[in-house]
Structures are given as structure tokens and as C-alpha cells.
Amino acid sequence: MPALVAALALAAAVPARAQAGSDACRNGVISEIFVDNGSVFDVGGDDLDRRFGWAYRSANRIHVRTRESVIRRELLFAVGDCYVPALLEDSERILRSLSFIADADVFGVRQPDGSQHVVVETRDEWSVRLEPQFDSDEGGVAITGLELREDNLLGTGQHVSAYFKESQGERVYGAAVGTRQLLGTRLDAELSVARTPVGVSVVQRLAYPFRGENGRWAFRQEIEHQERNFIIFVPDAGADGGVRRRYFEEERRSFDVGTVMRLGRRGQLTLFGVALAGEWTEYPRDYLSVDGGGDRPAMRQVIPEEPERPVTGLDTISSVRVVFLAGQRNVRFQRRRALDVVRGTEDVRLGVEAEVGIGRSLAAFSDDDDLLVDLGFSVASAPVRGVLAGVSARAEGRRVYGAEELQWRNLFGQADAWAYWRPSDASRHTVVAAATVVGGWRTMVPFQLTMGNRAGLRGLPTHAWPGERRVVASLEHRMYLGWPYPRLFDLGTAVFVDAGKMWAGGDTFGVNSPVEASVGFGLRAAFPPGSRRTYRMDVAVPVTDALSAGNVVVTFGLGQAIGRGRQDDPQLRRSSRRTLSASLFSFPN
């Protein structure tokens, strides 16, 4: 195993070195690399408040600084290589993408003999976190989970965590361990284990992502075993307009292994790849349960007038398929400040990306005879000074052969649009507008969206308005306060308005909602100053209801609720059968 790991890492690293060598060293040769691996606070710096010197020193003593060897392994160059500015830029961006690095700066200093000394300066994030999970759905704010996490164990870049939390409405206990440098290489590895109300969840992942824009090869392998409840909200026969939470048991096993290569030059890269992927999904019971343990049927209690009404989503899956991947990546990066963080710097990807994945089931290993198609597209630009805007969309579908009807089924899609306006680089104000459309069509697997605070309107409870198609738009004004102790932590505020609508679609228990809206305000905090990790608290109320303590919704989270950093909708992801796509191998983005 160690030999295989080393071989994969070496094979992926060679192209970047070769490209550097072909540069004819017109900028000189790297003769020395100096690494200044800073701690959380630069105690001797002029940017700190002398009144809190004791706090800075105490924090640095408790924190274990990132080891120099960990930082050096992430660099895309070595002593003796040609000095290529693009490789320094990529290395700097890779370091900033690490969860335990708050900021990084990589630059060269030309020497009298024409060679280059490269200086790598980094500053650590505070890596130990105790993060509670809150819920205000039932009136009042209650702690529903707790996670203890260390993102930089003993300065090695390894992360470990243990938690209990509510995931999609049920209590889950688990632990995870991972590393960005398995056995001293650039391979990523992760293992997580969790206990759910109906079984266990195990995920194992090994990957070599693209390292910078000069990276030519990427590899990924993953095994997943999930025994979980699919949460469905159904009408409450005893309450006008109310819903109840019900549970539908699901067992899902999957694996994938694949590789992707890039051709072309920086800014105009073409991607090709192939993967082998398998999935087996079953539903042990054909009814909804009340308690999540699967032992108490709920259908007769929920809809007594229709006792034989079937539970939707019994399309079991048994397939092994070959997935072919192709994509185009024409992107560049800009460094911006205070977009989705309070005051820190971020790397913003601008340009166009498109990808397609096509996977045909293998008859010898599959009960299903089908074709999976996955499409993705994104574009982002800075059209005028102070403005950033972008659009992304992704869709997937399954073509079933031999079916008399619904030959295309399990069609899922999501589209996001966002725009930022910041008057100047020194401004404390940022205005963000965003819109998201999520939906499913011809679904034959369990699928349901809601319009509540965790995925839609922040002024509605999580279970509000179940259905299959949702659109939400938001407008938010963020402001950095610079108060009360800006040299100890960053603090900002946000005011926002959300509006959205739900359509029932094919959801048996779905409803068509009116246009709902909510308004609210929030706080944004980061520690230490300049950190890219943003803690969020939002307080919101629906504008369609009379204001009372009972309909005030308080949410807490990590990162911003809206904007360019939004990933696949969590309610869409739990139903998605999305094949491997080239974007999974793009790192960092």
C-alpha cells in the first residue's frame, strides 16, 4: 500500500515539474525556500492590541502550530526547479484552501546571482472547535447537537471529530478522521462512522485531487454504506395546515473508483475521465413509521380515509456502471476581501466551466438496465468595478430501457444565481443578491423538499410547505463593524429579506404554497481576525404572519446562508443518484 500511494503521488506530480522545466528558467532557478509558519496571532506585530497581549500569547501556547513539513508538502515546486510565478500562485491558493490555514502569502526574492529565494508565509486558523447545533422549530431555542473537532491534530494537518446531531430530523452519533497527506504524500484520506436510529453509516474515501491549474491527473475512490431514515413530512389530519414528521427506512450501498486527466494550457483545460461506480438501494419496509425505528406503521394514523395509499419511492436500485466524464474549464482566479467572510481574503473563481457524465449499466452485474446522465455548468465574472456575478446549474436523469412508460425518470436539477456589490476594496459594506431553483420530476425514489430555514426561507420552520419544486430569492446587506475589539475578533451584521414559493409536483404529501416572505437580521463573527471561518446567527420572522415570540426563527451556522459558496441542496443530495463528475476532482476551486 505505501508503494502504491507513493507511485500515484509521484505520477501526478511529474507533469507540473515537467512544465516548469520547459520554461527554460527565464526567471531563474529556485535556490532556497523559506517557510515562516506563523501561529494564530503574530504577537510581535503592530496590528494587535497591546491590551490583549496576554490573550494572544495564551492562544498561541494552547494552539499547536502547523509543522513546516506539512506546508512544504503542499508546495508545487522545490529547490532546483525553475521559478514559475503561476506555480507560486497555485501553491498560495492551495494553502489558503486548507481548513487550518487562515492566510498564506508565497513570493520570490531575486538574488544577485539570478536565482530566486521563495518565501512562504502562513498564519494558522484556530483549529479546535466545540460547535453546538441549535433548533428553534418548536418555539424557543434548543441545543440539538454538539460537535468536538480538531482540524490540525498536533500540527500535522489531520482532522478528527466526534459528534451527536440531528441530521434530516433524526439523532445521529458519529466520529470521523481524515488527512490531506496520507503517509507523507499528497493523497487525501477520510473515514467516518455514525450510528443512526436504524443502523450504521460508514464512508471511506481516498483521493488525489488536481493540485493547482497545472495538475494533469486526479484520482478518487470511495465506499459508502448508509442505513438511515428518509424523513417525510405528511399532512396532519388533526391540525389545519399542519404536518407531522414520518420516517421511511432506506439502505444504500455504493462504491466508485475513477480517474480524470486534463489537457491544454492554463485557462483553457479540457477534461476526460472514466470511472466504475456501483449502487444498491433497498427499502426494508413499504410504510412510514412514527418513531423512526421502523416498527410502528403510520399510514392509517396519518391518512385514515386512504388506508391503502402506497408510499412513493420504491424504485429499488441495483447497478454497476461505467461512467465517462468530459468537461471544459476556462477559469482564472482573483483574490478578494470580505465577500463571504467577515474581513478575510478569498480566492474567487472567474470564467466558465461545463461538464457531462454518462454512465451505462453493465448487464452482467446489474439488475437495472439504464443510462444515467449528469450535466453541469457554471459561469462567473466581474462585469464592472465592485461587482461579481455568477450562475451555475446542474441536472441529472435516468433513462430506463424496456419501460413502457416514464422512460426518463428521477430527473433532478438545481440552478443558482448570485451577485455581489462592494463599493470599494476598503468599504465595510457588501450587498448580496441570490436566487435558487431546486426541483424533481418523475421521481421514483424518495424525494421531498421543504421551504424552511435550513434550505429556503430563514423565517420559516424547517418543515414548512413540503413539495417537489422550490424557488427562493434573497437580498442581504452585510457590514463589518470594526467593533468592539477588531484586533481580537471580526464582527459584522447582516439584514436580509427572503421570498419563495413551493409547488407540490409529484409529491404525494406535497402542497402548493403561496408566495412566502421573511425578514431578519443577523450577526457574523470570525476568530482570529481575518479568519475565513465565519460563524453565523440569523433571527427572522415571516412577514405574512402577526409577529409573536412563537414565529421568531433563530438559526446558527458555519458560513453564509446565501451566495456563491452554496453547494448542492441537502434535501436534493439525499435523493440524488448523481454520477461521478469532473468537478469532484477539481481542487482547489
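Student: How many helices and strands does the protein have?

Tutor: Six helices and 23 strands. Helices here are DSSP runs of H or I with at least four residues, strands are E runs of at least two, and both are numbered from the N terminus. Keep in mind that this is a predicted model, where local features need pLDDT of at least 70, side-chain atom pairs count only at pLDDT 80 or more, and totals for chains, interfaces and linings use all residues. Residues are numbered from 1 along each chain as its sequence is written, and side-chain values use heavy atoms, with hydrogens and water left out.

Student: What share of the residues counts as buried?

Tutor: Of the 589 residues, 51% do. Buried means under 20% relative accessible area, exposed means over 50%, and partly exposed is in between (1.4 Å probe, protein chains only). The accessible surface of the protein comes to about 26,100 Å², and 58% of that belongs to carbon and sulfur atoms. Those areas come from the Shrake-Rupley method with a 1.4 Å probe; for residues, only the protein chains shown count as cover.

Student: Okay, strand pairing next. Which strands pair with E16?

Tutor: General idea: strands of a sheet pair through backbone hydrogen bonds, either parallel or antiparallel. The working rule is that two strands pair if DSSP finds at least two bridges between them. Here, E15 (residues 370-381) runs antiparallel to E16 and is joined to it by 12 bridges. E17 (residues 408-421) also pairs with E16 in the antiparallel sense, over 12 bridges.

Student: In what order do the strands of the three-stranded open sheet come?

Tutor: E1-E3-E2, with mixed pairing. Strands E1 (30-38) and E2 (101-110) stand at the edges with a single partner strand each, so one side of each has no neighbour in the sheet. On average, neighbouring strands of this sheet are turned by 15° against each other, direction ignored. For angles, axes are lines fitted to C-alpha atoms (for helices, over the stretch in contact), and values run from 0 to 180 degrees between N-to-C directions.

Student: How many bridges join E2 to E3, and what packs on the sheet?

Tutor: Nine bridges join E2 to E3 (residues 116-124), and the two run antiparallel; Arg110 stands opposite Gln116 in E3. Helix H4 (residues 85-97) packs on the sheet, touching E2 and E3, and its direction makes about 160° with that of E2. Contact means heavy atoms within 4.5 Å.

Student: How do I read the nonpolar cores? Which residues touch the most other members of the largest one?

Tutor: In soluble globular proteins, nonpolar side chains tend to be buried together. A nonpolar core here is a set of buried Ala, Val, Leu, Ile, Met, Phe, Trp, Tyr and Cys residues joined through side-chain atoms within 4.5 Å. The largest has 20 residues, and Ile232, Phe248, Leu288 and Met451 touch the most other members. Its largest share, three residues, comes from strand E10 (residues 217-235). Apart from it lies another core of 17 residues, among them Ile33, Ile101, Ala104 and Val120.

Student: And salt bridges: how many does the structure hold?

Tutor: Side chains of opposite charge can pair when their charged atoms come close. The cut-off is a side-chain nitrogen of Lys or Arg within 4 Å of a carboxyl oxygen of Asp or Glu, and the structure holds 43 of them.

Student: Where do Arg205 and Glu190 lie?

Tutor: Their side chains meet in a salt bridge (3.0 Å, N to O). The pair links distant parts of the chain, with Arg205 in strand E9 (residues 199-208) and Glu190 in strand E8 (residues 188-196), 15 residues apart. Arg205 is partly exposed at 27%, and Glu190 is partly exposed at 31%.
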